[in-house]
Amino acid sequence: MELRKDYFADVRKDGLHEIGQPRPRLDSPGHVTGKTAYFADRILPGMLHLKMVRSPHHHARIRSIDTSEAEKHPGVVKVLTAKDVPHNVYTILILIQIGPEDETVLADGKVRWKGEAVAAVLAETERAAQEAAAKVKVDYEVLPAVFDMEEALKPGAPLVNEYHGQNYYLYDSGECRKVRFGDVDAGFAEADHILEQTYQSSPIEHAPTETTGCVVAPEGNDRFTCYTNTQAMFFTLDNASIILQMPGSKLHFVGGTVGGGFGGKVDVIVEPIAILAAKLTGRPVSFIYSREEEMQISSPRAAEKVVIKDGVMKDGRIVARKVTGYTDAGAYSRHSPYGAQKGAAHYPGPYTIPNVWIDTYCVYTNRTPSSAMRGFGVTIGDFALEVQMDKLARLIGMDPLEFRFINAYRDGDMKAHRQPTEGAALIECMQEASRAANWPVADKYMAMSSYRKGA
Amino acid sequence: MAKVPVQFTLNGSEKAEFIESGTTLLHALRDKIGDTSPKGGCHQGTCGACSVIIDGELRLSCLTLAETCDGADIRTTAGLAEGGVLHPLQRAFLDAFATQCGFCTPGMIMAAKALLDRTPNPSREEVVEALSGNICRCTGYEPIIQAVLTAARADSQNAA
């Protein structure tokens, strides 16, 4: 394969020679000798084990919680409920002013998804904690639940999250994130063909081999050391500080090697409650998800629905694109308002389209809260867009790769969200792909460049 | 709760512990003895991260009760390097870029060792079969298979 270093020659001095050279990973010697210290390898004397009591219902009011039998169970040290958490209602992105706070650390009066944390049991052994968790009595009044995004957006749908007041995230632009570029109606009127298609995806679990968790040690100096496999160290530190109403200087977070993350370990989900437990008991605390919790409780990639309507000319130019995207946040925001917003900027794809209209909704349902995963907000969109591109090419009887050359964005093109294109290199990548895949295209496409003349 | 005495050899050293009846070998190795090289990924015998070798056989330490290991010879990845020199499998995993997050690596190496101890010159199919109980979620299977084949070749060259 040819490395086209000339393309970026004007933006970077090419003193780099690493591509194509094998380099040993710095962490490999620890991995092959079993010496790499993962958080769960910190086994501390006197460590307590934390197990969560979780909601068996998708949506329910909590009438009462009775922890008395659980507290009497042999080996149990403490049972925590909402009243023990200093600042129980939080949202991760409040750190970048994306509110409102909409999620409880431990359920307070209501549960909004099946698996939501209700009470935390601390015991001398994992087994005792598990057995005692089963003895916590929660009296639920089951409420109607909604699992489908379109149902959730209909008037009269059950309200999932009172902190929002409606089943969608309210952006400063209104009920959805909007991109408006050119005149999309005029584009459709001009088009030779119009194709509207709907694409849907299910939630996807990251399934790391090492489950989510942390180990917390109370130190002699009134500080707490938290060994964690978070992928978002400072998000976690700052949110823990807010939830615990404790200055960050009291919290010492120790990260390190993560046994697989894939975006699944960026929620602030185990550390605050484990630190609180260590504070209230004065003992080290281990809170490690079981495999079942990792699969059912940890946040997945959001389910998405994408409706794409394109207007295309017989010569291959896309002249109008209208996209309505729906991101299923589940019961709480976590990172989904940001994911849906990313989609809004992304839906034109790497193509220059003169008339674009995009609405993306972040929708609340009574499903497991979704969050980050590898390119969240754009990955499902890319699947939809590229399937759509193949369908459009077929519709006008054009080679799908040549069709992409015609529409490829090039340096200097204005993108729909008003960001000028620079360093695109898409034409050059497709030329190399054409050669590597032995998928020939007409000479005029092989002669193209991402540089527009005079740009 | 009454404790049960258990004695075994771990990587050539004598170990003796009092454990609660029902304790898994994984728990005993990690929490009691302090060998954290076997990992707990699923605790239900499906991921292979806890793989160890007991009396020459590859076993899942999360499904093995510690009290059944009395008198056994147990080997883990932590004991594989001798005198600071990496075992050919460890060397090959390093050189072949066969680790990513590393969580499955100690189990993979034990599964590979159990294979090579029995079949010094395995076919690719035999390597694939031997590793089939070990999950690498980072999906780096191909470099792992190549590493095992490379280690087998290195071993047979040393023997010749």
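1. Two strands are taken to pair if DSSP finds at least two bridges between them. With that in mind, A:Val215 stands opposite A:Ser286 in S14(A), and this, like everything below, is read from a predicted model.

2. As to the overall picture, chain A holds 13 helices and 17 strands, and its C-alpha atoms fill a box of roughly 80 × 60 × 35 Å along the principal axes. Of the 455 residues in chain A, 45% are buried, while residues 24 or more positions apart account for 77% of the contacts with a separation of 6 or more.

3. Strand S14 of chain A (residues 285–288) deserves a careful look. Strand S11 (residues 213–218) of chain A pairs with S14(A) in the antiparallel sense over four bridges, whereas strand S1 (residues 48–54) of chain A runs parallel to S14(A) and is joined to it by two bridges. A:Ser286 has A:His49 opposite it as well as A:Val215.

4. In a regular strand the side chains alternate between the two faces of the sheet. In S14(A), A:Val285 and A:Phe287 point one way and A:Ser286 and A:Ile288 the other, and all are buried.

5. A further open sheet is formed by five strands of chain A in the order S9-S17-S16-S15-S10, with mixed pairing. Its edge strands are S9 (177–181) and S10 (193–201), each of which pairs on one side only, and neighbouring strands are turned by 5° against each other on average, direction ignored.

6. Within that sheet, strands S15 (residues 304–312) and S16 (residues 318–330) of chain A run antiparallel and are joined by nine bridges; A:Asp310 has A:Arg321 in S16(A) as its bridge partner.

Definitions and conventions
Residues numbered from 1 in each chain as written. Chains lettered and ligands numbered in written order. Predicted model: local features only at pLDDT ≥ 70, side-chain atom pairs only at ≥ 80, totals over all residues. Buried ≥ 20, exposed ≤ 12 C-beta atoms within 10 Å, placed from the backbone. Contact = placed C-beta atoms within 7 Å. Axes fitted to C-alpha atoms, helices over the stretch in contact; angles between N-to-C directions.
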